[in-house]
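Subject: The structure for you to look at

Hello,

Here is the structure I promised to pass on to you. Please open it beside this email, and follow along as you read.

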Amino acid sequence: HGVIALANGGFEVPAIRSDMFGKPSKPASVEEGRGLKGLSNLGNTCFMNSALQCLSNVETLTRYFLSDHWRKDLNTDNPLGMKGELAEEFAKLLKEIWGGSDSYSVSPTDFKRCIARFAPQFTGYAQHDSQELLAFLLDGLHEDLNRIKSKPATEVPTGDGTNDVATAELAWVRHQMRNDSFVHDLFWGQYKSKLVCPDAECGKVSVTFDAFNFVTLNLPQTNDITVTVLMRFADPRRLPVRYAVKVNQHTACGDDLKNKLSELCGVESERLAVAQIDSDRTQLKSMLTFLKPAGRIWSNGMLRTPSEGVHAFEVPNAPKDAFQPTSSFPYSSSYFHNSSYSSSAGASTAGSTAESGADMHLIVLMRGEKSLYNKQTLLGTPFLLTIPGDSIHLEGLHKALTDATSRYLKVPLSPQDPNDAPRIMWVRSSFEEEELADEKAFKKVADRDVIIIDFSRESLGCFDAEEEKRVEDDPSWASENIIGSGKG
């Protein structure tokens, strides 16, 4: 087995003083306010620019190059170097970044050409790995400034673990016999590698110390993802509340999301209906996508992004079976329903539902008048409406609608509304619409059908759009979205 330990150079590396080079010549200097310049993107060279900005902000390295102290270390004969050209171009670029010009950015065109000459893999303007580029830069600058003119052959010493300090010092001395530069002093160190023979009878231990200038760290991986859900409670007086719900991004299904949300909002999961609402309000089609209880959230496009219009509705007195709308209509996507149900094929209509005493659940859209291009747009957010089982008639519908919209609709909805009030439309299974003007028309409405509050030009003024958009942020959401927590 092997054990790796890191050390900062094996033994003490001579300190680098920031004032050892004397004052840098003006106008390029490491002073507060200087160096705040961007690097122009040459195609897809952000990988290079990010690496250069990292090196530019290593103050000791920048002082070394701005002071021109590097010139006395330049090694143009090193076969492992870039003939001094990389160091020359890097110093030139740093002086442009830290110089006195008022420009906000610098174009690293010449530096890019220099890299391409010595590292053909970076030719062109495609994207590359930033760490790979940074490793090339550090190694290239080190070799261009290597004070060792003739490198002797050396071997890496091996210890048995009884005196690691002596082994590390010997390894570092031998390493410095071939490598001695200012860049090396800043960025190189040692790591310890220990190998133990697994054979109990052998038990041999081998310890080596190798030089490194990069430590690769894995970013922590998590299978959880945060879904922003806007919870709409049955009590119309309560503002909707925004929650941050964490679920497994690979295995989570609709029920998992509901169970997690239930823990946060205090509403039983059986009384929650979760849907995704399309952000395109210019089209009435595909506006609602209810998540299937056992369906994977991110499979088949059921949930496109974790922050895209996910809404949850409290359904009071929910039926025993999991709430799943069954009606098929042109305003929903194919994920809205599991069957080709239509209200003319044996559905529980208003009349039969009233006789059974069960509540009626309806999907409600609010719609504005047609625009110049003959398109009708949704107002606010679609929502679920529950009519109590003892009030399933036209007046009960208007009362339930009036209660549900009382916060942002300035006029009550009733069968005796004047002509300039919003109309209540029912969407038939044939995709046609019928105004619910009397009891006879309402009796055709089936449980879980769609109705539309249709605003005319005259009635649109009673809709308070700003109030309809108001929400509260749960602490779970605010902690996940500190910067954007004020957004509606």
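Let's begin with a pair of charged side chains: R470 and E467 form a salt bridge, and their closest N and O atoms are 3.0 Å apart. The term salt bridge is used here for a side-chain nitrogen of Lys or Arg within 4 Å of a carboxyl oxygen of Asp or Glu. R470 is partly exposed, at 42% relative accessible area, while E467 is buried, at 16%. Buried stands for under 20% relative accessible area, exposed for over 50%, and partly exposed for anything in between (1.4 Å probe, protein chains only).

Before you go further, please note that this is a predicted model, in which local features need pLDDT of at least 70 and side-chain atom pairs count only at pLDDT 80 or more, while totals for chains, interfaces and linings use all residues. Residues are numbered from 1 along each chain as its sequence is written, and side-chain values use heavy atoms, with hydrogens and water left out.

Side chains of opposite charge can pair when their charged atoms come close. How many salt bridges does a search of the whole structure find? The search gives 26. One of them joins the side chains of R237 and D235, at 3.1 Å from N to O. R237 counts as exposed, because its relative accessibility is 69%, and D235 counts as partly exposed at 27%.

Another salt bridge links D255 with K258, where the closest N and O atoms are 3.8 Å apart. Both residues lie in helix α8 (residues 254–265), 3 residues apart, which is about one turn of the helix. Helices (H or I, at least four residues) and strands (E, at least two) are DSSP runs, numbered from the N terminus. An α-helix has 3.6 residues a turn, so residues three or four places apart point the same way. Is K258 buried or exposed? K258 counts as buried, since its relative accessibility is 8%; D255, at 31%, counts as partly exposed.

There is also a network of salt bridges, which links R367, R423, E433, E435 and D454.

The strands

Next, find strand β6 (residues 205–212), which runs antiparallel to strand β4 (residues 158–159) and is joined to β4 by 2 bridges. Two strands count as paired if DSSP finds at least two bridges between them. Which residue of β6 is the bridge partner of G159? That partner is V207. β6 also pairs with strand β5 (residues 189–196), in the antiparallel sense and over 8 bridges. On that side, S206 in β6 stands opposite L195.

The loop between β6 and β7 (224–232) contains V215, which counts as partly exposed because its relative accessibility is 40%. From C-alpha to C-alpha, V215 and Y191 are 9.6 Å apart in space, and they are 24 residues apart in sequence.

A helix and its buried side

Now turn to helix α4 (residues 109–118), where F111, K112, C114 and I115 are buried. They sit on the same side of α4, because they cover an arc of only 160° around the axis. That arc is taken from the directions from the helix axis to the C-beta atoms. Among the elements that cover these buried residues are α1 (46–56), α3 (85–98) and α5 (130–144); contact here means heavy atoms within 4.5 Å.

Enjoy exploring it!

Best wishes
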